[in-house]
Amino acid sequence: MAVITMTINDELVSGVEGQSLLSLIREQGIELPTLCHLEGLEARGGCRLCLVEMQSTQRLLPACTTTAQEGMSIQTHSERLVRYRRMILELLFAERNHVCAVCVMNGRCELQDEAAKIGMDHVRYDYLVPELPMDATHDKFAIDHNRCILCTRCVSVCDSVEGAHTWDVMGRGVNSRVITDLNQPWGSSRSCTSCGKCVQVCPTGALANKGSTVAEMVKRHDFLQWILDGREKKQWVMHNGGSEGRR
Amino acid sequence: MTRTVVIDPVTRIEGHAKISLYLGDDGKVADARFHVVEFRGFEKFCVGRTFWEMPGITARVCGICPVSHILASAKAGDDVLGIRIPPRAEKLRRLMNWGQLVQSHALSFFHLSAPDLLLGMDSDPAKRNIMGLIQARPNIARSGIRLREFGQKVIRLLGGRSVHPAWAVPGGVREPLTAEARSQIKRLLPEAFDIAELALDLLKDSYDQFNDEIHNYGDFPSLYMGLVTADGGLEHYDGMLRVVDAEGRILQNAETITYRDFIGEAVEPWSYLKAPYYKPHGYPDGMYRVGPLARLNICDYAGTPRADRELRQFRRHGQRGKPVSGSFHYHYARLIEILFCLEKIEETIEDESLTGSHVRNYAEVNERTGIGVSEAPRGTLFHEYKVDRQGILQSVNMIIATGQNNLAMNKTVQQIARAYIDGETIEEGVLNRIEHGIRLFDPCLSCSTHAVGQMPLHVQLIAPDGAIVDERVRD
């Protein structure tokens, strides 16, 4: 494996050829927010929170889907990037009905965490307040579209890890919605294996155990690496002691 | 000439309201109305959510008495699940409810009403508030704050925080009481008892100064409603729903789930507050009062030694064995309830089994309707949910304690206005008396107090053609 060198925030760093910018940035101990990306799932570049500035071009690039290359020079936290990140978060909050105080994920939500970290104390945009339903037809789980940010982690994990491809996306733009099968109630889905992986990887309170009360839901991501290591390396090792691993 | 006097906003109450006084040609009060001018919409926007979330959502109805909503909601949820909760969970819920009653009653007496009672109804409005009380009677103000703190602490030790604890849920409660929390509550009890006794002495000693008020502040016959234990004792969490008439006769002693059979809800165009009434007597004759005064009027006994002793004294204020009809005695009733709650906490906290871990039962949706009834500090609180097979709410109805006192508050305002307003000039102190009539009921119109500092007041004299004849604004 060839080694590459590049510059991140004016520091010279080295990485491995083919490595994503995001992983190289995080290796340096730099915190870069992501809401759609999750280690173990295919990078999508959907949420745009991990955008970085490249010196050679005016374009902003998502670090999760960009490969690190020899000689690159990037900035991860310029004034413009922080401003945009906050804007993106505000738009996410404005798009659907995120009522943190009474959400099942209050206190453990990735969207809420990122907003708090960036210092988002209010939303400057008009709330769209769409009328969105909850689907509690599944025996064990419920989906609340009000809290969904369309990260599509559920779609990805169901397809690539569970292999069921129960979840997908319908509609376009702001009207997009994650659906089960061909937009049938989740409880009547014939492809769903009720494994709950989608619930565990969901960053917000959109997918939760049925019967969860306010601020009660806890999600774990560590199963993902467990399954992938087992599948690819035939190794079954629980890396972080099986505790609550969220990213 | 007919005129209207508007008091807007009414201060030192929880929420936002105004009062209109309609003066007749003779300058005397022809009518008076208490308007609740805020609209919350909980019954509408909760539809579509799951009933499991309701304790957390409806807690937000109020920052003063979130526990009441959490408990009524959790009980409605138990009903939807169709299950019994673990006995330990019930004890813990009761414990939190008593803590809630103590803190809310302490707030009403010390923070909101004591400025009138101890500094005078007609004293300088700039100082007639909790800050003025701290200046004039620092020890009393401090005691009030300490007593409220005790109640808040009980709630916090159980639910993790004192406002909106996400703790009682359908099926039980989320966390048991820790041994450390149990001993903390025990340690704090003696001081709380001392303050409760101090408050009782203060109020009883001041009764001589309030002879006029006692007879003019909402003294009228009415029905009374609240919960009692199976054998008629004072109750705040569960039990039978009892209605007693002005003579003290028991008209109803019914299962709480049958409340619809005898409670109706009327709506008036001039207020967002619903006006419930006792159906067999019709509207508005079916006016009933709820809250501390009503609870002490309907119960046969309190059930704890000190509270029972006070209850006997309290009953002397009623005529010849009839219920106590003067709303001024709400203050007294509130303090007796504080004492009762402290005694119940003292008794319950001795129970070693409180700290065990089995505090929640689980089930799926078994019933399509759930009804939860409990006694909030201000009176009986009803939550009724209809859900589909998955537990998604199809309809929500809440009857809030304050709403049930709506008709009685209007009558109280009328009575005070008639007694103190005569002619052209209206003294500021008179307006405060009218506000105090509302404070007696400790109405919880939403979730906030705006008591500190100056008292904003807006009075308008309005001619029949709508022209403003005179206006006084103080802010």
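Biologist: In which loop of chain A is Asp10(A) found?

Modeller: Some conventions come before the reply. This is a predicted model, in which local features need pLDDT of at least 70, side-chain atom pairs count only at pLDDT 80 or more, and totals for chains, interfaces and linings use all residues. Residues are numbered from 1 along each chain as its sequence is written, while chains are lettered from A and ligands numbered from 1 in the order in which they are written. Helices (H or I, at least four residues) and strands (E, at least two) are DSSP runs, numbered from the N terminus. Asp10(A) is found in the loop between β1 (3–8) and β2 (11–16) of chain A. Its phi is positive, about 70°, although Asp10(A) is not a glycine.

Biologist: Is Asp10(A) buried or exposed?

Modeller: The general idea is a count of neighbours. A residue is buried if 20 or more other C-beta atoms lie within 10 Å of its own, exposed if 12 or fewer, and partly exposed in between, with C-beta atoms placed from the backbone. Asp10(A) is exposed because it has 7 other C-beta atoms within 10 Å.

Biologist: Which phi does Thr152(A) have, and where does this residue lie?

Modeller: Thr152(A) has a positive phi of about 65°, although it is not a glycine. Its place is the loop between β7 (141–144) and α4 (153–162) of chain A. Thr152(A) counts as buried because 21 C-beta neighbours lie inside 10 Å.

Biologist: How does one judge the span of a helix, for example α6 of chain A?

Modeller: The expected span of a helix is 1.5 Å times one less than its number of residues. Helix α6 (residues 222–233) of chain A has twelve residues and reaches 16 Å from its first C-alpha to its last, close to the 16 Å expected. After α6(A) comes Lys234(A), with a positive phi near 55°.

Biologist: Into which domains is chain A divided?

Modeller: Domain bounds come from an automatic or database domain assignment. For chain A, that assignment gives domain 1 (3–77) and domain 2 (84–233). The centres of domain 1 and domain 2 of chain A, taken over C-alpha atoms, are separated by 25 Å.

Biologist: How many residues of these two domains are in contact?

Modeller: Two residues are in contact if their C-beta atoms, placed from the backbone, lie within 7 Å. By this rule, 13 residues of domain 1 of chain A are in contact with 19 residues of domain 2 of chain A. On the side of domain 1 that touches domain 2, eight residues are nonpolar, two polar and three charged. Here Ala, Val, Leu, Ile, Met, Phe, Trp, Tyr, Cys and Pro count as nonpolar, Asp, Glu, Lys and Arg as charged, and the others, Gly among them, as polar.

Biologist: How many residues does the contact take from chain B and from chain A?

Modeller: The contact takes 15 residues from chain B and 13 residues from chain A. On the side of chain B that touches chain A, helix α2 (residues 54–58) of chain B gives the most, with three residues. That side of chain B divides into six nonpolar, five polar and four charged residues.

Biologist: What can be said of chain B as a whole?

Modeller: Chain B has 14 helices and 16 strands, and its C-alpha atoms fill a box of roughly 65 × 50 × 45 Å along the principal axes. The radius of gyration is taken over C-alpha atoms, and the globule rule is 2.2 Å times the number of residues to the power 0.38. With 475 residues, a compact globule would have a radius of gyration near 23 Å, and the 22 Å of chain B agrees. Of the 475 residues of chain B, 52% count as buried.

Biologist: Which residues touch the most other members of the largest nonpolar core?

Modeller: In soluble globular proteins, nonpolar side chains tend to be buried together. A nonpolar core is a set of buried Ala, Val, Leu, Ile, Met, Phe, Trp, Tyr and Cys residues joined through C-beta atoms within 7 Å. Of the 194 residues in the largest such core, Cys154(A) and Ile336(B) touch the most other members. Helix α4 (residues 87–119) of chain B gives the most to this core, with 13 residues.

Biologist: Where is the cis peptide bond of Pro284(B)?

Modeller: This bond joins Tyr283(B) and Pro284(B), with omega about 0°. Pro284(B) is found in the loop between β10 (275–278) and β11 (288–289) of chain B.
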